[in-house]
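Could you walk me through the covalent and charged side-chain links in this protein? I would like to follow them one by one with the model open beside me.

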Amino acid sequence: MVRTGGSKGLVPLILLLLRDCTWAAHSPWKRGDASCLCYSFIITPNRQPWCEVQGQVNGNAFLIYTCSSKMAEPIGPLGMKVNATGVWKTQTETLKDLTEELKKALPDIKPEIITTIDFFSLQGRFMCPWEANGSISGSWEFGFNGQRFLHFDLENRKYTVDHPEGELMKKKWKDDKDFTITLTSIPVSVCKEWRDEFLVYWKEELPTTAPPTMVPATTQSKATTTSCVLSVVFLACLITIGILRCFIYNYQVH
């Protein structure tokens, strides 16, 4: 009997890797988070949990929030250091309200955009980057299935379209005063308050506050593509070795 199970088992891994590589290559968040307090949202109405939020500082995850639990769970040492603070509770309540409002906004844009994508999942990211001198800014980015569609600046309250379909979102949201209130529910002043209190506990883990470094999308895309190709080649080599071993084993048996 030829033992081929090992080689067959690697094929699904390659398919999963290719899917993840495709996601990474088209990720809307082409940005280095050298000094940034960020919250990434995924809203998928027909799935449970229908929302997930991950909090990050300087690219390090410290929080995960899901709509099923309606609780913010700490991640790693960064999360454990601040999950008992008053800001943590305020932050959790704000995330709950934001996810509810983002879900309400989906029906307004779904009919137009659903025809151009295979799976309807809104991705959003709220960002508060800061400079070396401590000055902080705020903005939102929105996208679908790994493509950034729209950018919203908190300071001037202006939308910037990054994808043709983003015009539809801008048209729906620009004149929606209630939704604008939702996007500005975390003003820069509040974001600064959160950052300042968190950094008191994160001094050892985050000793530097370098200015944010912008990573060109083309550079990151090339790096991601190269890494993915090498990984696929490596797995392909493993499959080849597995097939050869099975062939040798079968030859020896007969």
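Let's begin with Cys128 and Cys191, which form a disulfide with their sulfur atoms 1.8 Å apart. The torsion about this S-S bond is 135°, and the link of Cys128 and Cys191 is right-handed. Cys128 belongs to strand 5, residues 122-129, while Cys191 sits in helix 6, residues 188-201, so this pair ties together parts that are 63 residues apart in sequence. If you colour your view by accessibility, you will find Cys128 buried, and Cys191 buried as well. Please keep in mind as you read on that this is a predicted model.

How many disulfides does a search of the whole structure find? There are three, so let's turn to the others.

One of them joins Cys51 to Cys67, with an S to S distance of 1.6 Å. The link of Cys51 and Cys67 is right-handed, with 95° about the S-S bond. Here Cys51 lies in strand 2 (residues 51-57), and Cys67 lies in the loop between strand 3 (60-66) and strand 4 (71-74); the pair therefore ties together parts that are 16 residues apart in sequence. Is Cys51 buried or exposed? Its relative accessibility is 0%, so Cys51 counts as buried. Cys67 has a relative accessible area of 9%, and because buried means under 20%, Cys67 is buried too.

Another disulfide joins Cys36 to Cys38, and its S to S distance is 2.5 Å. Why is the disulfide of Cys36 and Cys38 right-handed? The torsion about its S-S bond is about 120°, which is the reason for that label. Both Cys36 and Cys38 are buried.

Now for the charged pairs.

Glu205 forms a salt bridge with Lys81, and the closest N and O atoms of the two are 3.8 Å apart. Glu205 is found in the loop between helix 6 and helix 7 (217-253), whereas Lys81 is in helix 2 (residues 76-82), so this pair ties together parts that are 124 residues apart in sequence. Glu205 has 30% relative accessibility and so counts as partly exposed. Lys81 is likewise partly exposed, given its relative accessible area of 35%.

Which residues are linked in a network of salt bridges? They are Glu141, Arg148 and Asp162. Start from Arg148, whose side chain meets that of Glu141 in a salt bridge at 2.9 Å, N to O. With 27% relative accessibility, Arg148 counts as partly exposed. Glu141, by contrast, has a relative accessible area of 1% and is therefore buried.

The side chain of Arg148 also meets that of Asp162 in a salt bridge, at 3.2 Å from N to O. Arg148 lies in strand 7 (residues 147-153) and Asp162 in the loop between strand 8 (158-161) and helix 4 (166-174), so the pair ties together parts that are 14 residues apart in sequence. Asp162 is partly exposed, its relative accessible area being 36%.

Key. Residues numbered from 1 in each chain as written. Predicted model: local features only at pLDDT ≥ 70, side-chain atom pairs only at ≥ 80, totals over all residues. Heavy atoms only, no water. Disulfide = S-S within 2.5 Å. Buried < 20%, exposed > 50% of the residue type's maximum accessible area, 1.4 Å probe, protein only. Helix = DSSP H or I, 4+ residues; strand = E, 2+ residues; numbered from the N terminus. Salt bridge = Lys/Arg side-chain N within 4 Å of Asp/Glu carboxyl O.
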